[in-house]
Amino acid sequence: MRHGIRLAAAITAATFVGLLLAGLGVSHREKPMTTATGLVALPPAPAPALRVGRAKMLSGERYVSQWTVVRRPTAAHAAPSVSSVVVARLGVSAPEGTPNLLAVLRARIGAGGALWVMVRLPVLPNGTVGWVSRRSLGSYQVVKTQLVFRAPVGVGTAAAPTPAGNFTIRSKLTRYASPFYGPVAFGTTARSAVLTDWPDGGFIGLHGTNQPGVIPGRISHGCIRMRNEDIVRLSRLMPVGTPLTIR
């Protein structure tokens with residue numbers, strides 16, 4: 001908005017100067033133009049101070065990561081077209097009550113000139129992607145940092161393994177009533193492929209613990225547990241929207 005105000009002010013000032021010169025006269029080498037009716041004509045409009053470049057396509061996740069949230073309930077399609085197969089239904093909220101965050105992979109103009117966005121979906125099987133109408137999504141947010149953080153962790157057992165793949169940190173939660181989750185918990189878009197009858201579909205979390213002595217090891221139903229002091233340190237470094245790779 002400030003740029004718009006400055007631009008308007010610049011145009012107003014230029015017009016005022018033009019009127020002043022036209023009314024008072026300029027140097028003997030510059031004569032003001034007159035119309036057929038004898039009125040003094042305004043000088044040509046100044047060149048625009050702001051030029052809007054052509055839109056650029058999203059860069060994917062190689063250098064920066066983009067994410068957005070679902071602004072209104074919508075369907076994710078197999079292709080950028082409303083006539084393609086629906087692969088998922090998306091609500092505005094994640095199971096933990098936070099905005100439903102999606103990793104943005106690329107954008108494309110679909111049939112009829114509508115803009116579609118490819119997103120990574122929080123559904124099974126993990127790694128599923130789909131196309132969502134841009135009108136159903138919020139503004140893009142960007143994560144530009146890369147995080148190197150080392151700490152011992154507890155992961156899922158052989159019967160309920162932590163899923164591998166590329167996911168996103170979509171929520172940060174504190175003030176749990178139960179000390180089991182520690183002081184901080186992060187919700188992710190990863191889902192357990194085994195315990196699908198969990199509340200809200202078995203989403204994988206990254207959280208602290210009140211049993212630090214069992215870390216590291218295969219101790220959970222799929223969630224990633226960390227010692228409380230480690231997850232507190234991590235919470236100071238890792239924003240919501242950060243890509244999460246589990247190997």
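Which residue in β5 is the bridge partner of Ala107? The partner is Val117. This model is predicted. Its protein chain holds two helices and 14 strands. The points below start with the whole chain, then turn to the strands and the cores.

**The chain overall**
- The protein chain has 247 residues, and 37% of them are buried.
- Among contacts with a separation of 6 or more, 58% link residues 24 or more positions apart.

- β4 spans residues 101-109 and pairs with β5 in the antiparallel sense, over six bridges.
- Five residues lie between the strands in the hairpin of β4 and β5. In this hairpin, Gly112 takes a positive phi near 75°.
- β5 covers residues 115-120 and is mostly covered, with five of its six residues buried.
- β5 also runs antiparallel to β6 (residues 129-133), and five bridges join the two.
- Across that pairing, Val119 stands opposite Gly130 in β6.

**The seven-stranded sheet**
- Seven strands make an open sheet with mixed pairing. Their order is β12-β8-β13-β11-β10-β9-β14.
- β12 (217-220) and β14 are the edge strands. Each has a single partner strand, so one side of each lacks a neighbour in the sheet.
- On average, neighbouring strands of this sheet are turned by 35° against each other, direction ignored.
- β8 (residues 153-156) pairs with β12 in the parallel sense, over three bridges.
- Within that pair, Gly156 has Ser220 of β12 as its bridge partner.

**The nonpolar cores**
- The largest nonpolar core has 14 residues. Phe186, Leu206, Ile231 and Met238 touch the most other members.
- Several elements give two or more residues to this core: β9 (165-174), β10 (184-191), β11 (203-207), β13 (224-226), α2 (228-235) and β14 (243-246).
- β10 provides the largest share of this core, three residues.
- Met238, from the largest core, is in contact with Leu147, Ile169, Phe186 and Leu206, leaving aside its neighbours within four places in sequence.

Note on methods: Residues numbered from 1 in each chain as written. Predicted model: local features only at pLDDT ≥ 70, side-chain atom pairs only at ≥ 80, totals over all residues. Heavy atoms only, no water. Helix = DSSP H or I, 4+ residues; strand = E, 2+ residues; numbered from the N terminus. Buried < 20%, exposed > 50% of the residue type's maximum accessible area, 1.4 Å probe, protein only. Contact = heavy atoms within 4.5 Å. Core = buried A, V, L, I, M, F, W, Y, C linked by side-chain atoms within 4.5 Å. Pairing = 2+ DSSP bridges. Axes fitted to C-alpha atoms, helices over the stretch in contact; angles between N-to-C directions.
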